[in-house]
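Try each task first, then compare your steps with the solution.

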Amino acid sequence: MDSIDARLVNCLQDGLPVCPRPFDAIAANLGLSVDELLSRLQRLLDDKVLTRFGPMYNAESMGGALSLCAMQVPADRYDDIAGQVNAFPEVAHNYEREHLLNMWFVIATERPQQAGAVISQIEQATGCRVYDMPKQQEFYVGLKLAV
Amino acid sequence: MTAYPQAMNKVQQDGQLLDATDRQIIVATQAGLPLVAEPFAALARQLGLETDEVLQRVADMQACGIIRRIAAVPNHYALGYIANGMSVWNVSDEHITELGGLIGGLDYVSHCYQRPRYLPLWPYNLFAMVHGRSRDDVMARVGAISALLGEHCRGHEVLYSKRILKKTGLRIKG
């Protein structure tokens, strides 16, 4: 990754305009042709410096719901319960974290009403209480990593 | 600025957030936008639509928040940001909107939310994911947040992830 790549990664995190030729302005700023910019972008994706390039969709605005949930899982049943939780297709992410609440997962459903049913099923299957922590206010989603 | 006017009315009038064509566009771009000079024209050809219609629909979806922005998602590990901690803060409710905006605006914070407390087990109502190049780096930034919150914060913790148990993207059906 050279200094132009670094500037490109920084620019591309800001967002592109919705217009017929959205790369033109960034390419001109960086002193690149659009083709050069696109081949650098392709390489950054191939090298997994970027995980994705495109529209960032907001599940809630599409009518869906995301909720963060936490559980206090006994150590001796941890992997079994992780398997039970992960088996739900609505569970999108699941992380082990260092805390009394040691399992943290995100439930994604196409409709908000479906989340409660999934939580009840997880409680029944695991015997653990699920602490549902839906967001009440969003301050920012995204990250600008200076490269 | 976009040349395509906002059209939130469309969403409000028919009460339907997404029609079949919007969903086609979403499904076609979930993995990413075509990497060509005119990506919306390429998308239009792929879907059998006019370029102007695709541009208009994408602009509308961005105007009403369905699309946050059209941007690159960095792999923070590849960029050297190998440490991240979920910082959680017990902040006074009357100041949380102002303080959340302040913390969410920091460039090393992603995913900043107000969430419910569960007393006495869980007193924290403000969540901020903090990214850094090392745990020391994360802790220094957590210290900076602590200083910003000052007297409005009654306590905090940082939860590091030990293991990813599952990670799949959100998928919408076509």
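**Exercise 1. Find the strand of chain B that pairs with β3(A), and give its direction**.

Solution. Keep in mind that this is a predicted model. Start at β3(A) and look across to chain B: the partner is strand β5 (residues 153–167) of chain B, joined to β3(A) by 5 bridges. Next, compare the directions: the two strands run antiparallel.

**Exercise 2. Describe the side of chain A that touches chain B**.

Solution. Begin with the counts: 61 residues of chain A are in contact with 68 residues of chain B. Then ask which elements of chain A supply at least two residues each; among them are α1 (3–14), α3 (34–46), β1 (50–57) and β3 (91–97). The most comes from β1(A), with 8 residues. Last, sort this side of chain A by class, which gives 36 nonpolar, 15 polar and 10 charged residues.

**Exercise 3. Work out how α3(B) and α4(B) are arranged**.

Solution. Take helix α3 (residues 39–47) and helix α4 (residues 51–63) of chain B: their axes come within 8 Å and cross at roughly 110°. Angles of 65 to 115 degrees count as roughly perpendicular, and therefore α3(B) and α4(B) are roughly perpendicular to each other. Their crossing is right-handed. Now look at the residues that meet: Phe40(B), Ala41(B), Leu43(B) and Ala44(B) in α3(B) face Thr51(B), Val54(B), Leu55(B) and Val58(B) in α4(B). By class, this contact has 7 nonpolar, 1 polar and no charged residues.

Terms used
Residues are numbered from 1 along each chain as its sequence is written. Chains are lettered from A and ligands numbered from 1 in the order in which they are written. This is a predicted model: local features need pLDDT of at least 70, side-chain atom pairs count only at pLDDT 80 or more; totals for chains, interfaces and linings use all residues. Two residues are in contact if their C-beta atoms, placed from the backbone, lie within 7 Å. Helices (H or I, at least four residues) and strands (E, at least two) are DSSP runs, numbered from the N terminus. Ala, Val, Leu, Ile, Met, Phe, Trp, Tyr, Cys and Pro count as nonpolar, Asp, Glu, Lys and Arg as charged, and the others, Gly among them, as polar. Two strands pair if DSSP finds at least two bridges between them. Axes are lines fitted to C-alpha atoms, for helices over the stretch in contact, and angles run from 0 to 180 degrees between N-to-C directions. Angles under 35 degrees count as roughly parallel, over 145 as roughly antiparallel, 65 to 115 as roughly perpendicular and the rest as oblique. A crossing is left-handed if the near helix is turned anticlockwise from the far one by less than a right angle, and right-handed if clockwise.
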